[in-house]
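Please keep the sequence and the model in view while reading.

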Amino acid sequence: MVGAGGVLGAAHIGVGYALERHGFVPDMIIGTSVGALNGAIAAAHPDRAAPWLDHVWTQLRRRDVYPLGYLSSRTSVFTDRGLRRLIARAELPSRIEQLKVPFTAVAMDLVTGAPVLLDQGDLQSALLASAAIPGMLPPVDRAGRTLVDGGVIAYVPVLAAQQAGAASVVVVTTGPESSPLRPTSTRRRAGAIAARAGLLLLHHQIERDLREVSQHIPTVVLPTGIEDWPAPWDFGHSQRLISTACRAAGRFLDELRINGPGLYRVNDSSATCTSPDETSTTSTAGVGL
């Protein structure tokens, strides 16, 4: 369950609290990686998703999500036992079609590189596929395809939302990849160089997709207000991420006014604001990471 990675998905819960308090009810939910897991729970329990997820995330530890194991296939560093247990405790139906809110998990076909939209069939395998970080968690074989983390191809799946017919999109993102990039002097070490290059790669993918979709439909990017992001495997920061994101998203929603297609986010020149009722327009998709 990565995308932004591990504990960073806790920020989704804070944003979820703010959306619930403003009366936002999505007509569909589309999630990638950790956003697929959080999104499926929201789709199953739309009336109590944020409190339920709050309890889960604040109790999680690294070994619960990324348990070391010995895989005969040598396909990943960690087993998916932790994710399977987490999904089993989420009180989810067995099939995607049984969720209360229409839901799609985004994965990637490891052979072709094409995005795969999983909107029907077995729910557990769809969530495992969407969260299968290449090399870290095992790929999932489903319907004759080998699937891995959808964040590789659609870190913020707004294109999938547009394809599904959304009339507007509310984007719940996490991680420094989704924030405005600040100039920095990268240390001349292999790890730091690789990390900076990966950050830039994801940031440009996100910006490209947001700009493309916002030309056609209102695209609202909710802020988290988080500047100091922990390591993705450090689960000791969940409560701080939830509280900070709740406050930042709530303040943003208080002032938001939508006036046609465009990209609505903090410090964006196109952003005006909309009332909570206006954000709940027909065919609005909640898009998670």
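Helices H2 and H6 cross in a right-handed manner, where a crossing counts as right-handed if the near helix is turned clockwise from the far one by less than a right angle, and as left-handed if anticlockwise. The model is a predicted one, in which local features need pLDDT of at least 70 and side-chain atom pairs count only at pLDDT 80 or more, while totals for chains, interfaces and linings use all residues. Residues are numbered from 1 along each chain as its sequence is written, and side-chain values use heavy atoms, with hydrogens and water left out. Helices are DSSP runs (H or I, at least four residues) numbered from the N terminus.

**Helix pairs**

| Pair | Angle | Axis separation |
|---|---|---|
| H2 and H6 | about 150 degrees | 7 Å |
| H1 and H3 | about 155 degrees | 9 Å |
| H5 and H6 | about 135 degrees | 11 Å |

Angles under 35 degrees count as roughly parallel, over 145 as roughly antiparallel, 65 to 115 as roughly perpendicular and the rest as oblique. H2 and H6 are therefore roughly antiparallel. In this pair Ala36, Leu37 and Ala40 of H2 meet Leu123, Leu127 and Ser130 of H6, contact meaning heavy atoms within 4.5 Å. The residues of this contact comprise five nonpolar, one polar and no charged, where Ala, Val, Leu, Ile, Met, Phe, Trp, Tyr, Cys and Pro count as nonpolar, Asp, Glu, Lys and Arg as charged, and the others, Gly among them, as polar.

H6 (residues 123-130) also packs with H5 (residues 81-88), and these two helices are oblique to each other, with H5 passing H6 in a right-handed crossing. On the H5 side the contact involves Leu83, Arg84 and Ile87, which meet Gln124, Leu127 and Leu128 of H6. By class, the contact of H5 with H6 has four nonpolar residues, one polar and one charged.

The packing of H1 with H3, at an angle of about 155 degrees, makes H1 roughly antiparallel to H3, and their crossing is left-handed. H1 contributes Ala10, Ile13, Gly16, Tyr17 and Glu20, while H3 contributes Ala49, Ala50, Pro51, Leu53, Asp54 and Trp57. Eight of the residues in the contact of H1 with H3 are nonpolar, one is polar and two are charged.

**Buried face of H3**

Which residues of H3 (residues 49-59) are buried? They are Ala49, Ala50, Trp52, Leu53, Asp54, Val56 and Trp57, buried meaning under 20% relative accessible area, exposed over 50% and partly exposed in between (1.4 Å probe, protein chains only). These buried residues pack against H1 (10-21), H2 (34-44), H5 and H9 (238-255).

**Two single residues**

Ser214 belongs to H8 (residues 190-214) and is buried, its relative accessible area being 8%. A polar atom of its side chain lies 3.2 Å from the backbone oxygen of Arg211. Apart from neighbours within four places in sequence, Ser214 is in contact with Thr219, Pro261, Gly262 and Leu263.

Leu159, in H7 (residues 158-163), is partly exposed, with a relative accessible area of 36%. Leaving aside neighbours within four places in sequence, Leu159 is in contact with Asp209, Glu212 and Val213.

Definitions and conventions: Axes are lines fitted to C-alpha atoms, for helices over the stretch in contact, and angles run from 0 to 180 degrees between N-to-C directions. A polar contact is a pair of N or O atoms within 3.5 Å; within protein, one must be able to donate a hydrogen and the other to accept it, and residues adjacent in sequence count only if both atoms are side-chain atoms.
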